[in-house]
Amino acid sequence: MAIVLGNLLLFGRTLPHFFLSDDFAQIERATRFSLSGLFDIRIGLYRPVPLTVYRLMFKAFGFSPVPFNVLNLLIQIGNSVLVMWLGFRLTRSIAKGFLCGAIFTFHFMHVEPVIWVACLNHLLTAGFLLGALILFDYGGKGRRIWSLALFVLALLSQEAAVVLPLFLLLWLWASSKPVRLRKTVAYFVISLAYLVLRIPSLMVVKGTGAYAMRLGMNVAKNVAFIISSMFFRLNFRELLATWNAHGKGSSAALEVLSSHPLAAILVVVSLACFGIMFWRGGRAVKFGAAWVLCSMLAVIFLVGTGERVTYLPSVGFAMMSGVIILRLKKAPAILAASAVCIYFFTVGFVDSSRWIRASEISEKITGQLAGYITKNPGVRKLYVQGLPDNYKGAYVFRGGTGAAARLISGKKDLQVINIDEEHMEVGEPGAIYLRYVEGRLEQVRRPVHGP
């Protein structure tokens, strides 16, 4: 019950908030795919489970964001309970299991994946993987079949699920059970088959986008980002901007270190703390640390990064930190556990405010778009200038404008063109020209020069 109340306390106020950026694009994509398209594994990012959920939710509730937000929160609550249960199974301690679940509940890096509807795939993947691991632990042929089924669902939710066989090996080692590798063979076979089928399709993804792969300093950057985000809430968007502006290599790393000294110090402190916890901790702590490292394998080679990719690694962090804190004597352990939970909750609660504000901006702009489309039923194109990409790092539209306009209008062929230039030429038949000025969309009826 405490885990449920903790999640409601942190995320309850965000339930009415409106759709943002990729939310529109994901929902539109889900409403357009055919049954044959659902099973087309040649798609670059093949995630049919979340797409199916979006499709069913949109058919049932339409353009109302509350049910989508409630679903995300319910999955987050379920995942928190699963982390708590996993901690109990590993340590045989109710207190340690509860603290693991509490840390996972309150971790500030969950604000983006829980509040942002488009992050449903991260929530589902973690839930399916945790369920598969717990059912594997309980043994029995029937449970093993269900475990394999959950593993398949995780793979159909996100590519990162391919690391589950590594988690199983870690679990057999950490739980001091007889290592029967034959029990994991089916999982490795499924992972291998998935990779064989998916790797050619993943090559379709643009080589210059966020899903492009790069080695070298890019890997070091992602490792530092994920591990440091477990301990501190840094301005990663600002750090990433500095990185991208200076070549994305060793020169970029030096520039980040020199221009953001406090962030650099906190990153070093985080890496040192992680290393000490791994070195000094027992099997349960090492299991959590190894979980963090293994779950990073699916994302550390990508050029793009984000807070949402820390969701699965945070399972391991909650395990290792919850166990190591309660190794202290009773009074210090209670104080430390309380301080850590309060710290995570406070940072997360404050951080959620920017997402709430971003959703308010998105709702206002979407309503104005709907108004212009309703007044002009024959419109075929919308030219829009100056829409906000984000609010303090919380995405507002970032490419979701066209999908939003098509969803609210029901016009599948409606085109939305974002104009970044300072000059807007009007006059094309069947088109509306809009500029975002001081929080409002204003229609432009004559050529306008200047921002």
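Modeller: A polar contact is a pair of N or O atoms within 3.5 Å, in which, within protein, one atom must be able to donate a hydrogen and the other to accept it. The model discussed here is predicted.

Colleague: At what distance does the side chain of N79 reach the backbone nitrogen of G127?
Modeller: N79 is found in helix α5. Apart from neighbours within four places in sequence, the residues in contact with N79 are F104, L123, A126, G127, L130 and Y311. From the N79 side chain to the backbone nitrogen of G127 the distance is 3.4 Å.

Colleague: Is N79 buried or exposed?
Modeller: The relative accessible area of N79 is 2%. Buried means under 20%, so N79 counts as buried.

Colleague: How many aromatic pairs does a search of the whole structure find, and what kind of pair do W85 and F88 form?
Modeller: The search finds 24 aromatic pairs. Planes under 30 degrees apart count as stacked and over 60 as edge-to-face, so the rest are tilted.

Colleague: Which helix holds both W85 and F88?
Modeller: The two residues are 3 places apart, about one turn of the helix. Residues three or four places apart point the same way, because an α-helix has 3.6 residues a turn. W85 is partly exposed at 36% relative accessibility, and F88 is partly exposed at 24%. Both lie in helix α5.

Colleague: Which helices hold F151 and Y187?
Modeller: These two rings form a tilted pair, 6.0 Å centre to centre with 40° between the planes. Both F151 and Y187 are buried. The pair ties together parts that are 36 residues apart in sequence, because F151 and Y187 lie, in that order, in helix α9 and helix α11.

Colleague: Over the face of which ring does R89 lie?
Modeller: K286 lies over the face of F278, 5.8 Å from the ring centre. For R89 the distance to the ring centre is 4.1 Å. The ring under R89 belongs to Y138.

Colleague: Which residue has a side chain joined to that of Q385 by a polar contact?
Modeller: Q385 lies in strand β1. Its relative accessibility is 8%, so Q385 counts as buried. A polar contact of 2.9 Å joins the Q385 side chain to that of R435.

Colleague: How many residues has the largest nonpolar core?
Modeller: The residues with the most contacts inside this core are F287, W291 and L382. At least three of its residues come from each of domain 1 (1-356) and domain 2 (357-443). Beyond its close sequence neighbours within four places, L382 is in contact with residues including L369, A405 and V416. The number of residues in the largest core is 133.

Colleague: What is the phi of G410, which follows α19?
Modeller: Helix α19 spans residues 401-409, and its buried residues include T401, G402 and L407. Among the elements that cover them are α2, α18 and β4. G410 comes after α19 with a positive phi, near 75°.

Conventions:
Residues numbered from 1 in each chain as written. Predicted model: local features only at pLDDT ≥ 70, side-chain atom pairs only at ≥ 80, totals over all residues. Heavy atoms only, no water. Phe/Tyr/Trp six-rings, centres within 6.5 Å; stacked < 30°, edge-to-face > 60°. Helix = DSSP H or I, 4+ residues; strand = E, 2+ residues; numbered from the N terminus. Buried < 20%, exposed > 50% of the residue type's maximum accessible area, 1.4 Å probe, protein only. Lys NZ or Arg CZ within 6 Å of the ring centre and 35° of its normal. Contact = heavy atoms within 4.5 Å. Core = buried A, V, L, I, M, F, W, Y, C linked by side-chain atoms within 4.5 Å. Domains from an automatic or database assignment.
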